[in-house]
Amino acid sequence: AERRIAGARLDQAGARAELRSARQLTARAKAMLERGREDAASLAHRERPVVRLEAAVQASSRAYRHDVIALAAVDPLVSRDEGAGRPVPAALAAKVRRLDARLRLDLKARRTDTQQLALAG
């Protein structure tokens, strides 16, 4: 009977040690999880400007492509008039100047955003 009592006490002591170990592991896991959340939040906070600059570069590239397509649609009309020796209509010439100015602005914006992205990344 004393052996059974001694065995039960050992089992209780072992169970207590296992519970204590489990609590410690749970506390460590919670701490690691919290540290992981903090690291993820910190990374997201650090990467926010880079993501914003990448979006700006994509937007300026998209605007540039759009303006190139618009200029390509107008170019045959200008070439036709110039080839025939006729003066280019004022509205068409103004549209070409506007598109050219927008192309230059798009290129400048893309160049600036790309440089900032290179510095940030």
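These legends accompany views of a predicted protein model.

**View 1. Overall fold of the protein.** The protein contains 2 helices and 0 strands. Its radius of gyration is 35 Å, well over the 14 Å that the globule rule gives for 121 residues, so the protein is more spread out than a compact globule. The C-alpha trace spans about 120 × 25 × 15 Å along its principal axes. Among contacts with a separation of 6 or more, 71% join residues 24 or more positions apart.

View 2. The accessible surface is about 9700 Å². Carbon and sulfur atoms make up 58% of that surface. Of the 121 residues, 12% count as buried. The side chains include 25 positive and 15 negative ones. The centres of these two sets lie 4 Å apart.

**View 3. Helix 2, residues 90–120.** Helix 2 has 31 residues. At 1.5 Å a residue, helix 2 should span 45 Å; its end C-alpha atoms are 45 Å apart, which agrees. The buried residues of helix 2 are Leu92, Leu99, Leu103, Asp106 and Asp113.

View 4. Aspartate 81 belongs to helix 1, which covers residues 2–83. Aspartate 81 counts as buried because its relative accessibility is 6%, and the cut-off for buried is under 20%. Leaving aside residues up to four places away in sequence, aspartate 81 touches Arg86, Pro87, Val88, Pro89 and Leu92. One of these contacts, Leu92, is also among the buried residues of helix 2.

Key. Residues are numbered from 1 along each chain as its sequence is written. This is a predicted model: local features need pLDDT of at least 70, side-chain atom pairs count only at pLDDT 80 or more; totals for chains, interfaces and linings use all residues. Side-chain values use heavy atoms; hydrogens and water are left out. Helices (H or I, at least four residues) and strands (E, at least two) are DSSP runs, numbered from the N terminus. The expected span of a helix is 1.5 Å times one less than its number of residues. Buried means under 20% relative accessible area, exposed over 50%, partly exposed in between (1.4 Å probe, protein chains only). The radius of gyration is taken over C-alpha atoms; the globule rule is 2.2 Å times the number of residues to the power 0.38. Contact means heavy atoms within 4.5 Å. Accessible areas come from the Shrake-Rupley method with a 1.4 Å probe; for residues, only the protein chains shown count as cover. Lys and Arg count as positive and Asp and Glu as negative; His and the chain ends are not counted. The place of a charge is taken as NZ of Lys, CZ of Arg, CG of Asp or CD of Glu.
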